[in-house]
Amino acid sequence: MTKQAFVALVTCFNEDETINYQATRAQVRRQVEAGNNIMCAGTNGDFSALTFEEKVRLTEEVVDEVGGRVRVIVNAGMPATFETVKLAREFDRIGVDGIAVITPFFIACTQDGLIRHFSTVADAVKTPVYLYDIPARTQNHIEPETARTLARHGNIAGIKDSGGARETLEAYLAVAKDIAGFEVYSGPDHLVLWALQNGAAGCISGLGNAMPQVLAGILKAVNAGDIAEAERQQAIFTAFRTDLYALGFAPAMVKRALFLQDSSVGASRQPALLPSKEQDAQIADILRRYDL
């Protein structure tokens with residue numbers, strides 16, 4: 001099976017913090033030209049700061065710009081099952097390739113609660129649903145046995161693991177090995193190659209916003225069976241990640257690195273995430289060192 005890379009696409013903003021849809025379309029084109037698929041309205045896309053209506057229009061714009069050239073997954077996850085279902089139905093209507101559902105945040109959930117939540121969403125749409133686990137941000141974690149239960153649902157196609165723990169990723173991969181049609185996508189950028197070599201269907205990368213060609217290069221090399229080249233590209237990706245993420249909150253650092261490459265992407269809409277002049281200088285130095 002051909003392994004696939006998705007980029008967790010940034011959402012571009014104007015100076016007044018309204019969405020810059022044309023700049024977002026330009027970022028879509030950039031990723032498509034590199035050979036990467038698109039995930040929109042995710043963590044790197046400021047989803048928690050977007051309104052319901054903005055998410056719907058953003059998805060329409062992205063799907064239109066892609067024009068069927070690559071796959072599009074969009075995140076519908078919200079704290080309430082009710083709003084998650086409403087969003088998922090809109091994305092189902094638009095015609096995306098997959099609907100990611102991040103675990104509810106702010107509300108502490110039991111594993112039975114998570115099973116009901118994800119099953120309700122999956123029952124409401126025809127588009128395949130992908131679980132999205134990122135416990136550091138939501139405080140809710142999809143236990144591997146919960147993933148196993150949900151993997152048997154006819155419309156839950158896989159999981160994005162953004163927990164960062166290799167042990168959890170291994171447990172999800174064991175589920176995928178046992179249950180046909182259930183795919184695992186790795187979120188942590190330093191584990192891209194390891195995950196691909198151990199059964200992952202692909203990756204969903206935030207760092208790929210700033211380094212699309214390297215991300216695509218890892219996948220191209222893996223699919224060609226050139227592991228030496230994949231290791232070389234992964235080493236670059238990991239080193240860039242280490243240098244950039246040392247400076248602050250990862251999505252904010254990615255967005256700022258991209259801003260310094262192309263100011264049309266705008267700042268983040270999230271509060272208190274604008275880097276200092278000193279951080280900007282450090283990011284710019286990193287970009288120069290990696291010829292970006």
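Author: Happy to! Let's begin with Arg269: this residue is buried, because its relative accessible area is 17% and the cut-off for buried is under 20%. Bear in mind that this is a predicted model.

Reader: Where is Arg269 found?

Author: Arg269 sits in the loop between α11 and α12.

Reader: And what does the side chain of Arg269 reach at 2.6 Å?

Author: That would be the backbone oxygen of Glu17. The Arg269 side chain also makes a polar contact with the side chain of Glu54, at 2.8 Å.

Reader: Nice. Which residues does Arg269 touch, not counting those up to four places away in sequence?

Author: With those neighbours left out, Arg269 touches Phe13, Glu17, Thr18, Ile19, Asp46, Ala49, Leu50 and Glu54.

Reader: OK, on to α12. How many residues does it have?

Author: Helix α12 has 13 residues, running 277-289. From first C-alpha to last, α12 reaches 18 Å, close to the 18 Å expected at 1.5 Å a residue.

Reader: Which residues of α12 are buried?

Author: Gln279, Asp280, Ile283, Ile286 and Leu287 are buried in α12. They cover an arc of only 120° around the axis, so they lie on the same side of α12.

Reader: What covers the buried residues there?

Author: The cover includes α10 (227-245) and α11 (250-261). On the other side of α12, Lys277, Glu278 and Arg288 are exposed.

Reader: And what follows α12?

Author: Asp291 follows α12, and the phi of Asp291 is positive, near 55°.

Reader: Changing topic: is Thr146 buried or exposed?

Author: Thr146 counts as buried, at 4% relative accessibility. Its place is in helix α6, residues 144-151.

Reader: Which residues does Thr146 touch, again not counting those up to four places away in sequence?

Author: Thr146 touches Gln111 and Ile115. Thr146 and Ile115 are 31 residues apart in sequence and 6.9 Å apart in space, C-alpha to C-alpha.

Reader: Last thing, the largest pocket. What volume does it have?

Author: The largest pocket has a volume of about 420 Å³. Its lining has 25 residues, and Ile134, Ser162, Gly187, Tyr245 and Ala250 are the ones nearest its centre.

Reader: Which elements give two or more residues to that lining?

Author: Those are α5 (135-138), β8 (202-205), α10 and α11. The largest share, three residues, comes from α5.

Conventions: Residues are numbered from 1 along each chain as its sequence is written. This is a predicted model: local features need pLDDT of at least 70, side-chain atom pairs count only at pLDDT 80 or more; totals for chains, interfaces and linings use all residues. Side-chain values use heavy atoms; hydrogens and water are left out. Helices (H or I, at least four residues) and strands (E, at least two) are DSSP runs, numbered from the N terminus. The expected span of a helix is 1.5 Å times one less than its number of residues. Buried means under 20% relative accessible area, exposed over 50%, partly exposed in between (1.4 Å probe, protein chains only). The arc is that of the directions from the helix axis to the C-beta atoms. Contact means heavy atoms within 4.5 Å. A polar contact is a pair of N or O atoms within 3.5 Å; within protein, one must be able to donate a hydrogen and the other to accept it, and residues adjacent in sequence count only if both atoms are side-chain atoms. On a 1 Å grid over the protein atoms alone, a cavity is a set of points where a 1.4 Å probe fits but cannot get out, and a pocket is an open set with protein on both sides within 12 Å along at least five of seven lines; lining residues have an atom within 4 Å of a point. Grid points are joined across faces, edges and corners, and a volume is the space filled by probe spheres set on the points.
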